[in-house]
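This report concerns an annotated site in a protein model. The sequence and structure are shown first.

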Amino acid sequence: MQIALIGCGAIGTALLELVKDDVGLQIAAVVVPAEGAEAARAVAQRLAPGAQVVQAVPADGIDLVVEAAGHAAIEQHVLPALRRGVPCIVASVGALSAAGLPEQLEAAAREGRTQVQLIAGAIGGIDALAAARIGGLSTVRYTGRKPPHAWKGTPAEQGRDLDALANETVIFEGTAREAAAQFPKNANVAATVSLAGLGLDRTTVRLIADPAVRENLHQVEAAGAFGSFELTMRNQPLAANPKTSALTVFSAVRALRGKVAPLVI
Ligand SMILES: NC(=O)C1=CN([C@@H]2O[C@H](COP(=O)(O)OP(=O)(O)OC[C@H]3O[C@@H](n4cnc5c(N)ncnc54)[C@H](O)[C@@H]3O)[C@@H](O)[C@H]2O)C=CC1
Ligand SMILES: O=C([O-])CC(=O)C(=O)O
């Protein structure tokens with residue numbers, strides 16, 4: 001299977017490392033903006049020597065796209081690939097918080113008679129939540145807790161010095177839609193939980209900067225006709241990007257391997 005990888009940062013690089021010996025998965029292209037091309041070429045030379053580094057998904061010869069780039073990449077690269085009939089695996093699930101984008105993705109996939117797969121990424125329990133939804137859900141709450149430095153470059157910095165935080169601090173409370181839009185690199189999981197469950201506007205979200213934690217903690221509490229569950233993930237962040245959990249990479253690799261494996265779980 002010939003694959004185009006969109007994004008070659010923390011997730012993309014770790015993904016290339018993991019799949020470099022997978023015989024069924026050939027990385028044919030790495031798609032990055034012009035300013036990221038040089039760094040991506042160095043990574044590709046080491047981990048995917050057969051890949052071309054390009055600024056758009058090649059029009060021919062690609063069987064599967066995997067996105068690990070950021071919200072803008074969905075409109076820019078995923079929608080056109082779907083329309084051409086190329087299935088896509090998406091990590092930047094928070095992009096679907098933009099009005100109309102879920103519908104556009106569905107329409108593009110229909111037009112191309114293909115599918116877009118939103119990965120679970122850094123969160124677990126998505127299978128249970130999506131199944132529970134069929135019986136009816138009453139509440140779904142998501143709490144994301146990360147060390148203060150993981151919130152740098154986000155609205156969490158407004159009115160506070162993250163380096164000086166002595167206690168856990170709630171930096172956001174609201175809907176999953178608002179969280180995903182305001183924290184595009186930190187709240188994709190909020191969008192994923194909501195899309196699997198009660199939707200972007202009925203899922204309540206709290207985001208916390210906590211100087212007492214080293215890991216990225218994700219908690220989900222869900223209740224409905226199925227019963228209830230509480231889930232806590234204590235994820236190791238990637239050294240290359242403290243905002244991103246290593247599990248996100250494993251989730252993307254699982255999705256890729258699931259496309260070629262004879263038995264899938
Ligand atoms: N679903 C989940 O659980 C999670 C999803 N994510 C998503 O994955 C994205 C990537 O995460 P990291 O690898 O940690 O980020 P990163 O910042 O380390 O790497 C981003 C890469 O994408 C490239 N890029 C940026 N905009 C692009 C565009 N429009 N088209 C093509 N390439 C582009 C950059 O040049 C860079 O190579 C995040 O921005 C977030 O949207 C991240 C963590 C968890
Ligand atoms: O990787 C994580 O821990 C979660 C994350 O950044 C996101 O949801 O965007």
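Which residues does Ala-122 touch, not counting residues up to four places away in sequence? They are Val-189, His-218, Met-233, Asn-235, Ser-245, Leu-247 and Thr-248, a contact being heavy atoms within 4.5 Å.

## Basis of the model

This is a predicted model, in which local features need pLDDT of at least 70, side-chain atom pairs count only at pLDDT 80 or more, and totals for chains, interfaces and linings use all residues. Residues are numbered from 1 along each chain as its sequence is written, and side-chain values use heavy atoms, with hydrogens and water left out.

## The annotated site

An unreviewed UniProt entry lists Ala-122 and Asn-188 under "binding site"; such annotations may be inferred rather than shown by experiment. The two positions are spread over 67 residues of sequence, yet they cluster in space, with a largest C-alpha distance of 8.7 Å.

## Ala-122

Ala-122 lies in the loop between β6 (116-118) and α5 (126-135); helices (H or I, at least four residues) and strands (E, at least two) are DSSP runs numbered from the N terminus. Ala-122 has a relative accessible area of 8% and is therefore buried (under 20% relative accessible area, 1.4 Å probe, protein chains only).

## Asn-188

Asn-188 belongs to helix α7 (residues 188-196). Because its relative accessibility is 17%, Asn-188 also counts as buried.

Leaving aside neighbours within four places in sequence, Asn-188 is in contact with His-71, Ala-91, Ser-92, Val-93, Gly-94 and Ala-95. With His-71 there is a side-chain to side-chain polar contact at 3.1 Å (a pair of N or O atoms within 3.5 Å, one able to donate a hydrogen and the other to accept it).

Conventions
Chains lettered and ligands numbered in written order. Buried < 20%, exposed > 50% of the residue type's maximum accessible area, 1.4 Å probe, protein only.
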